[in-house]
Amino acid sequence: MTLSPANEALAAEIIGWFPRPRSALIPLLHLAQAQDGYLTDEAMRRVGELVGATPAEVKGTAGFYEMFRFEPVGTYLVNVCTNISCLLWGGEELLEHACESLDVEVGGTTDDGMFTVEEAECIAACTEAPCLQVNYRYRGRVTPADFDQLIEDLRAGRTGIAGHGVLAQVRQSIPAERLAGVFPPEQAREAPVWLARNGADG
Amino acid sequence: MGTPSATGGYPAPLPDRSAGAGYLQHAPGYVLNDGPKLVTGRFVHEDSFTLERSVATGGYEGLRAALEMTPAAVHDEVRAATLLGRGGAGFPAGVKWGFLPPGKRPYYLVVNGDESEPGTYKDRLLMERDPHQLIEGCLIACYALGLQQCFLYVRGEMALAQERIAAALNDAYAAGYVGRGICGSDFSVDIVMAWGAGAYIVGEETALIESLEGRRGMPRLKPPYFPAAVGLYGQPTIVNNVETLSNLPWLMVNGSDAYKGHGSESSPGTRMFAVSGHLRRPGVYEVEHGVTTFRELIYGDNFCRGIREGHELKMFIPGGGSAPWFFEDHLDLPLEARPVGAAGSMLGSGAIVIMDDTTDAVRAAWRVVKFFARESCGKCTPCREGTTWLEQILRRILDGEGRPSDIDLLLDIGDNISPGPYPVAAHDGSEAVPFPPRQTTICPLGPSAVAPVVSTIRRFRHEYEAKITRRDPIPIEVVPVGASQ
Ligand SMILES: Cc1cc2nc3c(=O)[nH]c(=O)nc-3n(C[C@H](O)[C@H](O)[C@H](O)COP(=O)(O)O)c2cc1C
Ligand code: SF4
Ligand code: FES
């Protein structure tokens with residue numbers, strides 16, 4: 001799907017915050033992924049049009065970043081950290097347990113399309129090892145029993161975690177009258193007034 | 001089951017983190033210990049991330065103090081405080097700010113919130129628990145440097161941090177702390193949150209800038225060494241870490257003399273350390289910079305309270321996955337850049353990983369190397385190929401397929417990424433890994449992958465050898481002359 005009217009409006013707003021439209025590429029790709037759960041070709045083409053990049057440039061850039069998906073993944077992406085601190089407290093064993101109990105390989109999705117299990121690199125919760133993220137929401141010091149309970153809760157819709165692609169539930173928005181003003185660099189050569197007031201450099 | 005940790009099996013029981021052990025239930029991982037709190041002071045409040053709580057506890061007072069001063073005086077104050085960068089390199093912020101070339105406007109401020117170095121866990125807490133403090137820090141920097149545009153780049157995987165920062169920015173804009181005419185003055189700046197999308201290398205400052213320009217996050221060729229010369233859109237740009245900027249509000253309220261009243265002379269203030277691994281009380285601690293030793297931090301009652309029951313220290317990583325490893329003989333070093341550097345490693349990103357006597361040195365090194373192999377951006381050959389080979393060779397040693405020549409091969413590959421001297425014979429542990437590393441690569445990621453390999457071969461060569469000699473000789477397939485392929 002291409003971008004919905006609501007997302008078109010959001011995209012226009014986001015582009016307006018950057019001195020060059022291309023800087024909005026990653027934020028807009030996240031927007032597209034939140035909409036569809038992954039990046040469709042249509043959405044990528046539209047994002048490219050909006051920021052002035054060819055479809056190849058968009059895909060080439062998106063492909064560099066691990067979070068962007070070009071095919072549907074499970075409703076819940078379960079990222080189990082196995083990096084060093086988690087390794088020390090059984091991160092690999094937790095990943096193994098996750099794969100066994102959901103009957104998938106690492107990177108695989110369950111038949112019902114509910115869960116995709118991935119091996120994650122350090123997610124900055126090392127003191128809470130072994131830890132994991134479900135759609136980028138944390139769970140720490142996870143035992144196999146905790147994991148099974150989590151899966152049960154997710155299946156029953158008891159966690160409040162949104163489907164894959166949705167990150168922050170609150171978006172930045174800047175009222176037009178509060179915006180200081182965004183200009184391309186070539187139109188912003190002047191020293192700002194508060195410096196001039198203090199007689200500093202130009 | 002039952003055998004603990006990196007030797008296999010699920011470890012039990014997990015360390016206790018009930019209330020009373022110093023852990024705050026609402027800030028998982030953070031431990032409230034005794035000592036000055038310059039950046040985590042607000043963490044005790046469950047609603048520390050709201051504008052109301054922030055303002056009720058002195059939030060934006062630092063900004064008001066700065067606005068009373070000239071921009072140059074604010075810069076001088078930061079310079080006088082010797083505020084060291086907390087992102088890894090430890091470069092003084094005041095000096096870095098001074099590199100902006102006069103007259104080449106506009107300048108930009110980019111906040112590095114991409115925290116992904118293995119073991120590192122502090123910027124996320126600061127963004128989740130006190131986003132207004134970070135925003136205030138950005139404002140102080142922008143005021144001092146005459147900047148009208150700031151980008152706050154948050155790691156893609158940190159959904160809650162993004163949520164808290166977005167909400168905080170919305171509130172701060174509405175309350176007149178950010179945007180046009182801040183606090184009724186003529187100071188105006190826009191702060192915009194940007195996202196990463198899962199790539200460790202984007203934490204490197206020039207890669208971060210590429211990513212902010214909407215491209216693949218690959219480091220730029222150096223020189224110029226600092227984005228202060230050529231950065232975002234080719235303009236002078238300051239890149240600072242989240243924790244670095246979070247220090248500014250306290251500094252502006254209390255002044256550089258008070259700031260230097262904490263920590264040591266060359267490393268003033270406090271620093272957040274994430275101490276993880278086989279500990280009784282792993283956690284994120286705000287620690288006085290430069291004066292506390294590794295031993296106090298690991299064993300002290302005020303800190304981690306020692307290695308978990310029944311075990312002893314085997315080795316530790318003093319400064320994140322990129323740092324060469326330390327051993328028992330390094331415990332009495334202070335948490336200060338210079339002595340740690342002289343001993344051959346770095347404090348880096350403030351991540352300390354403790355490994356006890358159950359840890360398989362080869363497996364631990366392999367895991368860190370695997371990380372770098374996976375995260376190499378592929379721009380330069382020694383790193384792209386070298387990290388991959390290091391990982392594969394370590395994997396085959398672990399799988400019992402190691403070859404007798406593999407140890408030399410590992411060191412040789414290491415030498416191609418980060419030229420020695422790696423005296424191959426020195427495996428008594430007496431010599432340090434050369435640091436800072438020399439590099440054949442564009443950025444320090446490649447050499448980072450060499451550090452754990454050389455560190456462990458130096459000290460635990462016998463563990464490598466034990467794994468290698470246990471395997472059967474490799475069958476050599478003889479291809480008859482003239483046989484087709
Ligand atoms: C491979 C690599 C990864 C890095 N990752 C981070 C990071 O995640 N966060 C960070 O603040 N700095 C990171 N840095 C350091 C930055 O390049 C830069 O030095 C730092 O953001 C400057 O901020 P400071 O002076 O306030 O420390 C990384 C450096 C390298 C070489
Ligand atoms: S050293 Fe590695 S990560 Fe850094 S630029 Fe070269 S290939 Fe990329
Ligand atoms: S190593 Fe698992 S979160 Fe850091």
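This is a predicted model: local features need pLDDT of at least 70, side-chain atom pairs count only at pLDDT 80 or more; totals for chains, interfaces and linings use all residues.
Over all chains, the rule gives a count of 41 salt bridges. Side chains of opposite charge can pair when their charged atoms come close. One such pair consists of B:Arg220 and B:Glu213, whose closest N and O atoms are 3.1 Å apart. B:Arg220 has a relative accessibility of 18% and so counts as buried, and B:Glu213, at 8%, is also buried.

Seven salt bridges are found across the interface of chain B and chain A. On the side of chain B that touches chain A, there are 55 nonpolar, 29 polar and 22 charged residues. A:Glu92 forms a salt bridge with B:Arg363, and the closest N and O atoms of the two are 2.5 Å apart. This pair joins two chains, because A:Glu92 lies in helix α6 (residues 91-102) of chain A and B:Arg363 in helix α13 (residues 361-375) of chain B. A:Glu92 is buried at a relative accessible area of 19%, and B:Arg363 is buried at 12%. Another salt bridge links B:Lys370 to A:Glu119, with a closest N to O distance of 3.0 Å. These two residues take part in a network of salt bridges that also includes A:Glu66, A:Glu121, B:Arg367 and B:Arg374.

The contact as a whole involves 106 residues from chain B and 78 residues from chain A. The size of an interface is often given as the accessible area lost when the parts come together. Between chain B and chain A the buried area is about 7500 Å², with carbon and sulfur atoms giving 57% of it.

Two helices, one from each chain, contribute to each other's cover. Helix α2 of chain A (residues 25-36) has twelve residues and reaches 17 Å from its first C-alpha to its last, close to the expected 16 Å. Nine of the twelve residues are buried, including A:Leu25, A:His30 and A:Gln33. The elements covering the buried residues include α1, α3 and α4 of chain A as well as β3 and α8 of chain B. After this helix comes A:Gly37, with a positive phi near 85 degrees.

Helix α8 of chain B is largely enclosed by the rest of the structure, because seven of its eight residues are buried. Its cover includes α2 of chain A and, from chain B, the strands β1, β2, β3 and β4. B:Glu210 lies in this helix and counts as buried because its relative accessibility is 14%. Beyond its neighbours within four places in sequence, B:Glu210 is in contact with B:Arg215, B:Arg216, B:Gly217, B:Met218 and B:Arg220. The helix is followed by B:Gly214, whose phi is positive and near 85 degrees.

In chain A, A:Val117 is placed in strand β2 (residues 115-120). A:Val117 is classed as buried because its relative accessibility is 0%. Among the residues that A:Val117 touches are A:Val78, A:Leu95, A:Cys99 and A:Val106.

Notes: Residues are numbered from 1 along each chain as its sequence is written. Chains are lettered from A and ligands numbered from 1 in the order in which they are written. Side-chain values use heavy atoms; hydrogens and water are left out. Helices (H or I, at least four residues) and strands (E, at least two) are DSSP runs, numbered from the N terminus. The expected span of a helix is 1.5 Å times one less than its number of residues. Buried means under 20% relative accessible area, exposed over 50%, partly exposed in between (1.4 Å probe, protein chains only). Contact means heavy atoms within 4.5 Å. Buried area is the accessible area (1.4 Å probe) that two parts lose on being put together, summed over both. A salt bridge is a side-chain nitrogen of Lys or Arg within 4 Å of a carboxyl oxygen of Asp or Glu. Ala, Val, Leu, Ile, Met, Phe, Trp, Tyr, Cys and Pro count as nonpolar, Asp, Glu, Lys and Arg as charged, and the others, Gly among them, as polar.
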